[in-house]
Amino acid sequence: MKTLALTFISAAAIVGAALIYDKATTSESFEQNIMIGKTIVTHDAAGRPVNQITLTTNGKEWEETMMKQTSYEGDEVKTATYCKQDGQWVAMTKTTFANVGGTLTISRIEKMTPDGQWKTQAEIDLADLSDDNGLLNDIVFDENGNLIMNATYVYDNGARQGLQKEEYQYNNDQISQTVSYSWDPDGKWQKQMVSNLLAK
């Protein structure tokens, strides 16, 4: 069985050679306003993803809209997300993963404030996993050990709020499709993006 570390990083950060995501363009996607685009992933010498650029289409041309940059510092992996605004990359969120017993676990999620400072949105004490005011990672694997769903929640005064969720489909143990969700004001997950994975 694959380790959580390998499977989680493979699914969440899309490990492999340079890859292109080609979003599904079904009528269902248009009806639900699901974003259509593609993501180009580059890797370091160790094969780890370090940069992801997402382009979306306005129906005529591709435009850069989102970027993820990942750094590896000892037992920590940090992923910062940026959105393009007025031609400039603007930092939005940062997620920190920590190595706990050989597996990667989200330990902190931060948001960039208007004054350019990272503010912690949610944090979990990895030494005390009974802390129910921190983060909750809901992770599901299939019978082959592949990660098929990863959702992150934060509890605020006992109320659960979803932060991020992705589902994964596989073909011969290789990721073939991802589905991303966002948390709506009614407290439910809404599908945002369906991605078919193609090797470049």
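## One aromatic cluster

Tyr 153, Trp 183 and Trp 189 come together as one aromatic cluster. The model you are looking at is predicted. Searching the whole structure turns up three aromatic pairs. In one of them, the ring centres of Tyr 153 and Trp 183 are 6.0 Å apart and the planes stand at 90°, so this pair is edge-to-face. Follow the chain and you will see that the pair joins distant parts of it: Tyr 153 belongs to strand E10 (residues 147-156), while Trp 183 belongs to strand E12 (residues 174-183), and the two are 30 residues apart.

Trp 183 also pairs with Trp 189, with 4.9 Å from centre to centre and 75° between the planes, and this pair is edge-to-face.

## Buried or partly exposed?

How accessible is Tyr 153? Its relative accessible area is 7%, so Tyr 153 is buried. Trp 189 is buried as well, because its relative accessible area of 16% is under the 20% cut-off. Trp 183, in turn, has a relative accessibility of 22%, so it counts as partly exposed.

## Charges over rings

Another arginine to look for is Arg 48, which lies over the face of Tyr 72 at 4.2 Å from the ring centre.

Definitions and conventions. Residues are numbered from 1 along each chain as its sequence is written. This is a predicted model: local features need pLDDT of at least 70, side-chain atom pairs count only at pLDDT 80 or more; totals for chains, interfaces and linings use all residues. Side-chain values use heavy atoms; hydrogens and water are left out. Rings of Phe, Tyr and Trp (its six-membered ring) pair if their centres lie within 6.5 Å; planes under 30 degrees apart count as stacked, over 60 as edge-to-face and the rest as tilted. Helices (H or I, at least four residues) and strands (E, at least two) are DSSP runs, numbered from the N terminus. Buried means under 20% relative accessible area, exposed over 50%, partly exposed in between (1.4 Å probe, protein chains only). A charge sits over a ring if NZ of Lys or CZ of Arg is within 6 Å of the ring centre and within 35 degrees of the ring normal.
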